[in-house]
Amino acid sequence: MNENVKVGGILDQLANVALVLGLLLTTASFILTFTIVPVPQSNLNVVPADQPPAEIGGLYVTNALMFSQKIFYFHMPVAVISLGILFFTALFGIMFLIKRDHRWDLNAKVATEVSLVFILMTMATGEFWTAYEWNAWWVWEPRLTTYLILTLLVIGYFILRNAVDDPERRAVFASVFGILAFIDAVVSLLITRIIPSSRHPVITREGGLEPLMVMALVVCIFGMIFLAYGIYRTRIREQRLRIRLDTIKERLED
Amino acid sequence: MESKSGANEQVVEQANIAHSILKTPSTFSQYKALLAKDIRQEFRTREMLTSMGIYALLVLIIFGVAFSQMPSSYEIMPISGGLIWALIVFTSLLGLNRSFSHEKEEGSLQGILLVPLDRAVIFLSKATSNLLFLAIVELITIPLFYFFFLSSEIVADTLWLAVIPIIVGTVGIAGIGTLLATITMSTRGKDVLLAVLFIPLSYPLLFACVSATSAAIVGDSMMMSNYISSVALAAGYDVVMILVSWLLYDYVVSA
């Protein structure tokens, strides 16, 4: 059915560049984070090492918060980008429903796959942080729960895809669920922010970031964006080559 | 000249008669017909109501067993909001699964789809019937919950306020659940899949409704300060999700 699926071209070449650039930038940000980026000063001055935890912005923090804060430069970009990619899942879903072209369905599927990778990275880094900082591997804290729900939605998306055999129907159902999942993710982010009882740190509440911190963060965000695009485009290429291979096989059998 | 205009009048008159005979029914009468069909079927078979009711009772018994080893003076009030919602979610999952199974088995959905009507009407009628059956089951099981778990407690005066989040939540569950049940009815392993898709999607609604229901039962002033915003957020979720489901229903049911 897809005899002239386009593979190669400028976008696929850019994908390789994006992958390399992404790796370089994330590595650079990693090095920056552990070398020149300062440990949060304000909190260090407030809490000497031998004193009990102090309350900062409604949070009880100790000195331990300071160095473990380094994981933030990795955790936050990955979390933001995973949600950003889900937006594209919803967008491609809408495009599919309008145009009924399976290209958009493939795009949506691959975007969700990349999103799953980033979501798992967020969960892993977040878990390390909670385990160290809150002395618990899991807390039913709204933002953590929201992220767990996001993970379940994305896994549900793939379970749904696997449960439908007819490709046309599968594409429609996946598109509709992708749109719903994105809206749901946004709504649950909002709801858990508005209804209080949050223990998750929020940057503004913690007193903002210093310029060097912002720099490391921005470098990591850009690195992750490039990386995400590189993975996405490479996977699309692989899938298209597979479709092409299947059509050639079918033609040989005939 | 005269005869021609007379002939014209005759044609117009005939067209008018034909129009009055073949008048397309209004959207509202289509909706009423579809809803009446669901209700009539339910009252003849009583399939959904009995199964949901018995299932809800069994969930209550499981709650009772789960608390059987608790000390006698445990506080059930702060968690009772959550328990009520666990009960509603499990019961509604069962009902939503059932709501489309006979449509599929008897092929009646095929018949409905052949009628030239707006697909959104199917969504609205199905969501309304699901809401109705769920509400009937809740009317029986939530007082039962009170009887089993809260009758020995001193409940706050604000208890009646719990009705509002329960209504708002049930509307949302019926709306989003109808769309998801339509998706899962034509997939493999539909019962499990409905739960896999439904529970994460309804999470924000559950979170807000549990917050509001618990606040109403406990009546604590600090919790009550969240009550309004929780109910408002749950209502906002309802509006957004039902609108989106309504828009997308055409694609899903025709696929």
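Chain A of this predicted model is divided into domain 1 (1-38 + 212-247) and domain 2 (68-209), with bounds that come from an automatic or database domain assignment. The contact between them takes 17 residues from domain 1 of chain A and 16 residues from domain 2 of chain A; two residues are in contact if their C-beta atoms, placed from the backbone, lie within 7 Å. On the side of domain 1 of chain A that touches domain 2 of chain A, helix 1 (10-35) and helix 8 (211-253) of chain A are the elements that give two or more residues. Helix 8 of chain A provides the largest share of that side, 14 residues. By class, this side of domain 1 of chain A has 13 nonpolar, three polar and one charged residues. Here Ala, Val, Leu, Ile, Met, Phe, Trp, Tyr, Cys and Pro count as nonpolar, Asp, Glu, Lys and Arg as charged, and the others, Gly among them, as polar.

Residues are numbered from 1 along each chain as its sequence is written, and chains are lettered from A and ligands numbered from 1 in the order in which they are written. Because the model is predicted, local features need pLDDT of at least 70 and side-chain atom pairs count only at pLDDT 80 or more, while totals for chains, interfaces and linings use all residues.

Taken as a whole, chain A has eight helices and two strands, where helices (H or I, at least four residues) and strands (E, at least two) are DSSP runs, numbered from the N terminus. From the N terminus on, the order of these elements in chain A is α-α-β-β-α-α-α-α-α-α. Of the 254 residues in chain A, 35% are buried; a residue is buried if 20 or more other C-beta atoms lie within 10 Å of its own, exposed if 12 or fewer, and partly exposed in between, with C-beta atoms placed from the backbone. Among the contacts in chain A with a separation of 6 or more, 79% join residues 24 or more positions apart.

The two chains also meet each other. Their contact takes 26 residues from chain B and 26 residues from chain A. Helix 8 (190-201), helix 9 (203-218) and helix 10 (221-254) of chain B each supply at least two residues of the side of chain B that touches chain A, and the largest share, 10 residues, comes from helix 10 of chain B. That side of chain B divides into 18 nonpolar, seven polar and one charged residues.

Within chain B, helix 3 and helix 6 (residues 119-150) pack at an angle of about 25 degrees, with their axes 10 Å apart. Axes are lines fitted to C-alpha atoms, for helices over the stretch in contact, and angles run from 0 to 180 degrees between N-to-C directions. Helix 3 and helix 6 of chain B are therefore roughly parallel to each other (angles under 35 degrees count as roughly parallel). The residues of this contact include Met48(B) and Gly53(B) of helix 3 of chain B, and Phe133(B) and Thr141(B) of helix 6 of chain B. They divide into 12 nonpolar, three polar and no charged.

Finally, two loop residues deserve a look. Arg100(A), in the loop between helix 4 (72-99) and helix 5 (102-133) of chain A, has a positive phi near 55 degrees. Arg100(A) counts as partly exposed because it has 13 C-beta neighbours inside 10 Å.

Conventions:
Angles under 35 degrees count as roughly parallel, over 145 as roughly antiparallel, 65 to 115 as roughly perpendicular and the rest as oblique.
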